[in-house]
There are 2 protein chains.
Amino acid sequence: MKEFKRIDRFLKPLVIDNPPALNLEDDCALLPYTEGKKLVVTKDAIVENVHFLPNTAPKYLARKLLGVNLSDMAAQGATPLYYFIAASLPKSTTEQWWQNFTDELHLIQQEYAIVLTGGDSVSHDGDMFFSLTMIGEVDADKILYRNTAKIGDNIFVSGTIGDAYLGLQIAKGEIKEDDAFLKERYHVPHPRVSLGIKLGGLIDCATDISDGLLADLGHICDCSKVGAEIELESIPLSPSAKQTIEKYSIDLRELVSGGDDYELLFTVAPENEEKVEKIGKELNLALTKIGCITSSNSLNLRDKNGEGVAIGQKGYEHK
Amino acid sequence: MKEFKRIDRFLKPLVIDNPPALNLEDDCALLPYTEGKKLVVTKDAIVENVHFLPNTAPKYLARKLLGVNLSDMAAQGATPLYYFIAASLPKSTTEQWWQNFTDELHLIQQEYAIVLTGGDSVSHDGDMFFSLTMIGEVDADKILYRNTAKIGDNIFVSGTIGDAYLGLQIAKGEIKEDDAFLKERYHVPHPRVSLGIKLGGLIDCATDISDGLLADLGHICDCSKVGAEIELESIPLSPSAKQTIEKYSIDLRELVSGGDDYELLFTVAPENEEKVEKIGKELNLALTKIGCITSSNSLNLRDKNGEGVAIGQKGYEHK
């Protein structure tokens, strides 16, 4: 049974009378808070051999664990504040491991102005498991949602797409290439928190790209009851990604189905595009138009001549 | 390296400038909230083969997972409101499992007026892992703390002690006794949420008994920088527990070192004891005086003649 079906059948009935849960369809939950603000809560888990490879350096685990949750905050337009960690680690975990892990947490705390506030740890011999809860806040009139894309909106992504996917293939040894940039992009997500905050109130709809560009755009379409059209060649690629996909004849569709980008994917009414471009310049971050929201009920890819391209594997769902 | 040492050395430096974390020494964290109130957050994990036996029925997993966190809320005097689940479950997990698990969540939601609000689930073949985050609220002047026991306070516990420990021995087959009451007490914690709320503002200090009466009293003493004296024979036992320890010659000290009671352990100034007794009657819940807080720096056991009894194993710390 797929995760989405399981959520629909067993978990959604538990949240029927609970608006803060957003029907379990968005990146975070939105709880009542002080006047004019909402409390934003997200909880994500990462597990060895599912979300990260065995023997991943503790500093990269810290980056990934915080990164996936910071990215959820960004997708909601929220300012992250507090985080809580639960970890299950083998008895053999060394003091050096803890030192490296917490050293990186110190750095991330400074970068994002967040603080550890609680948690739990368990000694257990088996694959490592981490769960992180992050709590932030957002002005009620600047919340970004996943289910509010409008027909006629243009679709944008931040940064470049597919680097983390290629970095993972390198880390797994499936691509024999020692590209430090791509590996770093896989190991060190750069959640777009400042971007999310600035986009609040200006754009129509946002999510972060964690499952893959196509899968996450699919979620936007499903929740918003719209379709989308993407021009494949407009997808922004880093120079390293361009070189690698040429050298190894990798299909672009593989990149847009790979996970772990942690960029923002958002939709904007045409009249607000200029302001969005200005924000990109302020942050020195590429914001690229890749397509538009349509009234169809499907997600279509086009080549630069406007011809349809078969989607193939639609994104990536954790097994 | 023991959990407490690890927290002291690696995690406490991360919360130095963060008062809501309560120096990671209490049951929950206390975040700024609306005027006159604090937001209360707790996060606990339970793992197969550490906190529960393989093949534990899903309804008991739901009870345990929610119970440990509801009990933390009770220990802080808080009203629980929202919960978030992260779970890692084998691919072979059946729809029936999900049905039974979520049916029990429905019941618990009704009993405690709480609602599922978000989470994450991962398919992973290995021991089951659950992390739960619970969010509640408390009036700022009714918060219960772990580090505020005062010399001269009397020490109370709710309910009866050791039932869950004996229930676990039965479930593991180490005691060959089919006592339904004790097994149920192990599988179905009864977190004392109503009691915690009523004690707020009246008592000096509280924690819940999750690691064992002695270990948790030790935490109170460490945090409050006081000592304690317990009269072993005054510890309240259920009829089933009395029968079982007599029949199998089980040392009382084993019971006060066993975990999973999820009763409240609290300290009260003598002048407030009458009010505490009244609350016990209102809730139809035994509240038993078992000792007092002292100015020594140790935790001592006495028999009914006032003679010292060696403590032996001091509580229980997860390996």
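**Sheet, core and interface**

Me: In what order do the five strands of the open sheet of chain B lie?
Reply: This is a predicted model. The pairing in this open sheet of chain B is mixed, and the twist from one strand to the next averages 20°. Its five strands follow the order β1-β2-β5-β3-β4.

Me: Which strands of chain B stand at the edges of the sheet?
Reply: An edge strand has a single partner, so one of its sides is left without a neighbour in the sheet. In chain B this applies to β1 (29-32) and β4 (115-123).

Me: How many bridges join β3 to β5 in chain B?
Reply: Strand β3 (residues 79-89) and strand β5 (residues 129-139) of chain B run antiparallel. Across this pair, S88(B) stands opposite F129(B) in β5(B). The bridges joining β3 and β5 of chain B number nine.

Me: Which residues touch the most other members of the largest nonpolar core?
Reply: This core holds 186 residues. Beyond its neighbours within four places in sequence, F130(A) has contacts that include I46(A), L61(A), L65(A) and I85(A). The residues touching the most other core members are F130(A) and F130(B).

Me: Which element gives the largest share of the side of chain B that touches chain A?
Reply: The contact takes 51 residues from each of chain B and chain A. On the chain B side, elements supplying at least two residues include α1 (3-11), α3 (95-112) and β4. By class, that side has 24 nonpolar, 18 polar and nine charged residues. The largest share, nine residues, comes from β4(B).

Methods:
Residues numbered from 1 in each chain as written. Chains lettered and ligands numbered in written order. Predicted model: local features only at pLDDT ≥ 70, side-chain atom pairs only at ≥ 80, totals over all residues. Core = buried A, V, L, I, M, F, W, Y, C linked by C-beta atoms within 7 Å. Buried ≥ 20, exposed ≤ 12 C-beta atoms within 10 Å, placed from the backbone. Contact = placed C-beta atoms within 7 Å. Pairing = 2+ DSSP bridges. Helix = DSSP H or I, 4+ residues; strand = E, 2+ residues; numbered from the N terminus. Axes fitted to C-alpha atoms, helices over the stretch in contact; angles between N-to-C directions. Nonpolar A, V, L, I, M, F, W, Y, C, P; charged D, E, K, R; others polar.
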